[in-house]
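Please keep the structure open while going through them.

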Amino acid sequence: MTNIGSYDERVKNFSWSIAEKELDYKDGNIINIGWYCSDRICEQGKGDKTALYHEGFTGEQRKYTFNDIRLAGNTIGNFLRKLGIENEDRVCLFMDKIPELYLSFLGVLKIGAIVQPLFSAFGDESLYVRLENAGTKAIITQRKHAGKVRKIIDRLPDLEHIIIVDQKKDKALKEKEVAFNLTEEEPVEKIDIYPTKADSPSVLHYTSGTTGQPKGVRHVHYSLISQYLTTKWVLDLKDDDIYWCTADPGWVTGTSYGIIGPWSLGVTQCVLDKGFSADSWYKFIDKYKVTMWYSAPTAIRSLMKAGEELVKKHDLSSLRQLASVGEPLNAEAVIWSEKVFGMPFLDTYWQTETGCMMICNYPGMKVKPGSMGKPFPGIEGVVLDPKSYEPITEPGQAGLIAFKPGWPSMMTTYWNNEEKYKEKFVNGWYLAGDRSTIDKEGYFWFIGRDDDVINTGGHLVSPFEVESALIEHEAVAESAVVSKPDEVNMEVVKAFITLKPGYEVNDDLELSVMNFIRKKLSPLAMPQEIEYVENLPKTRSGKIMRRILHAKEWGEEIGDTSTLEDD
Ligand code: WTA
């Protein structure tokens, strides 16, 4: 029996109070995600159950029970409080996928502070813009990443503490640095959980848009309600499952479903802090007897490339359910997974902004390979006519994906950017910024984004951010960044550059440009190709027409060029 039972029945009888009741939450109560993910599970008598199996990149293994993560959350929360961190202060997590990342997430939330997870792969400039925007007060990091923080600390007046989790206490430290090592600390049995309410801020995730700097998506503690229920009904997690979410918590999937979802349900999860390789992933599933696996299309396409023979070399019989998120999941990948794993990857569609899954394939519901599925019960999802912003009722007609606001994990604003937040709403609908069709059975079929944002392997890259990094190089006059097709990542970043007078293209210059931007961008945002050109196509008003460069890369019709400068 699946947790959701019948999708149609759930739609008919839906209310978010189903989750509220299961979580013993009533309107007006205190709701704290840190407490729900650890203390409450212990109170239910599951303190000795494994919460986390962790495997590091050198192969070392660690195991934490729910009581261990409860104590660690207390100890970290207590330490932060002693440093002077208060509720709603922003605390950044800047770590690899080490246990401290997951444990600190709980600790920060327990004291009512706002947790700001960032990819440890970010270069110092990417880190700077996000810390600066959030006015971050403390950053929890590892020795190997502290150097990047040191480089920018002088420009961050709000940043008071750099907490290093793998540093011995007696070590001489630099300005604002403080050592915090869980193994050296006395575990704190009890702390006062900050009485956060439904609308108290919880998590701040940064996401890229087309223009401007990355936006801080602000979530609240009430988001737990829909993260809990989607985990239960879509991922179908049950008490004896062993769950593996492959996402890094620098990305929303790694927090909503890599921490909050499984732990609020008291489910055991595993984390592998290692780069991708098909062989090591299969070994990991076999070793920990993973039953439920949530991953992303790029990884799945890489597994396809690695071939079926490799699958047969491992015992993957523990798996009972697979799901995917982040980019379009091609029909071939779904069919392939049915063939080699004996079950399809269930595609789920959602966004940093939505905080939880919005359009999904559900266990037990017919899968149409290539379709994202149907809206989660209680979610009103439509496609809007791009001119009138009225819902399209005709099946098969393309429109803008939109949702009626009001689900529990909807973002509450973009940090310090209420204006951009407001732009996301039209006619009472939240505009997701994607295009889709809906067939006559109500299944959504993704078409593409409605803006220039590049989705490379599930990671959203702002062309603006890459262009800004490029033009800071002394030789670069102008740049334009678009996507180009790629077999595994669907699309990758391609940059076009014009040079300032007096510079010419040669190996040294190309190397210098690459090295320059590597320091500024995350590896995920790095251009796969840079093309040096004499001129960029522009409108008469001087705006670079990325659309034309994009069309050329994708072999598409160039369309209307009437405003082109060179006409
Ligand atoms: C894209 C990810 C097609 C989409 C949790 C969306 C998808 C953006 C799918 C959000 C899917 C996500 N099929 N496209 N199943 N899932 N996307 O904020 O463009 O990193 O708007 O959150 O990824 O990406 P984000």
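1. Tyr421 is buried, because its relative accessibility is 14%, where buried means under 20% relative accessible area, exposed over 50% and partly exposed in between, computed with a 1.4 Å probe on protein chains only. Phe425, at 24% relative accessibility, counts as partly exposed.

2. Before going further, please bear in mind that this is a predicted model, in which local features need pLDDT of at least 70 and side-chain atom pairs count only at pLDDT 80 or more, while totals for chains, interfaces and linings use all residues. Residues are numbered from 1 along each chain as its sequence is written, and side-chain values use heavy atoms, with hydrogens and water left out.

3. On aromatic rings, the rule is that rings of Phe, Tyr and Trp (its six-membered ring) pair if their centres lie within 6.5 Å, and that planes under 30 degrees apart count as stacked, over 60 as edge-to-face and the rest as tilted. By this rule there are 30 aromatic pairs. Among them is the pair of Phe341 and Phe345, which is edge-to-face, with 6.2 Å from centre to centre and 80° between the planes. Phe341 is buried at 10% relative accessibility, and Phe345 is buried with a relative accessible area of 1%. The rings of Tyr421 and Phe425 are also edge-to-face, because their centres are 5.1 Å apart and their planes stand at 70°.

4. Ring pairs also build a cluster, which links Tyr53, Trp244, Phe276, Trp281, Tyr282, Phe284, Tyr288, Trp293, Trp336, Phe341 and Phe345. Elsewhere, a charge is said to sit over a ring if NZ of Lys or CZ of Arg is within 6 Å of the ring centre and within 35 degrees of the ring normal. The charged end of Lys368 sits in this way over the ring of Tyr443, 4.4 Å from its centre, and that of Lys404 sits over the ring of Trp429, 4.3 Å from its centre.

5. Turning to the sheet, helices (H or I, at least four residues) and strands (E, at least two) are DSSP runs numbered from the N terminus, and two strands pair if DSSP finds at least two bridges between them. An open sheet of nine strands has the order 2-1-11-10-12-13-14-15-16, with mixed pairing. Strand 2 (61-65) and strand 16 (374-375) stand at its edges, and because each has a single partner strand, one side of each is left without a neighbour in the sheet. Strand 1 (residues 50-55) runs antiparallel to strand 2 and is joined to it by five bridges, with Tyr53 standing opposite Lys63 in strand 2.

6. Thr50 is found in strand 1 and is buried at 9% relative accessibility. Not counting residues up to four places away in sequence, Thr50 touches Lys63, Tyr64, Thr65, Phe66 and Thr268, where contact means heavy atoms within 4.5 Å. Thr50 and Val267 are 217 residues apart in sequence, yet 8.1 Å apart in space from C-alpha to C-alpha.

7. Strand 9 (residues 215-220) is mostly covered, with six of its six residues buried. Lys215, Val217 and His219 point one way from strand 9, whereas Gly216, Arg218 and Val220 point the other way. Strand 8 (residues 201-207) runs antiparallel to strand 9 through five bridges, and Tyr206 has Gly216 as its bridge partner in strand 9. Strand 9 is also joined to strand 19 (residues 413-414) by two bridges, again antiparallel, and there Val217 stands opposite Tyr414.

8. Helix 6 (residues 99-110) has twelve residues and reaches 17 Å from its first C-alpha to its last, close to the 16 Å expected at 1.5 Å a residue, the expected span being 1.5 Å times one less than the number of residues. Helix 6 is mostly covered, as twelve of its twelve residues are buried, and just after helix 6 Gly112 takes a positive phi of about 80°. Helix 10 (residues 252-264) is mostly covered as well, with 13 of its 13 residues buried, and just after helix 10 Gly266 takes a positive phi of about 70°.

9. Lastly, Thr291 lies in the loop between helix 11 (278-288) and strand 12 (292-295), and is buried with a relative accessible area of 12%. Leaving aside neighbours within four places in sequence, Thr291 is in contact with Asp241, Ile242, Ser318, Leu319, Arg320 and Gln321.
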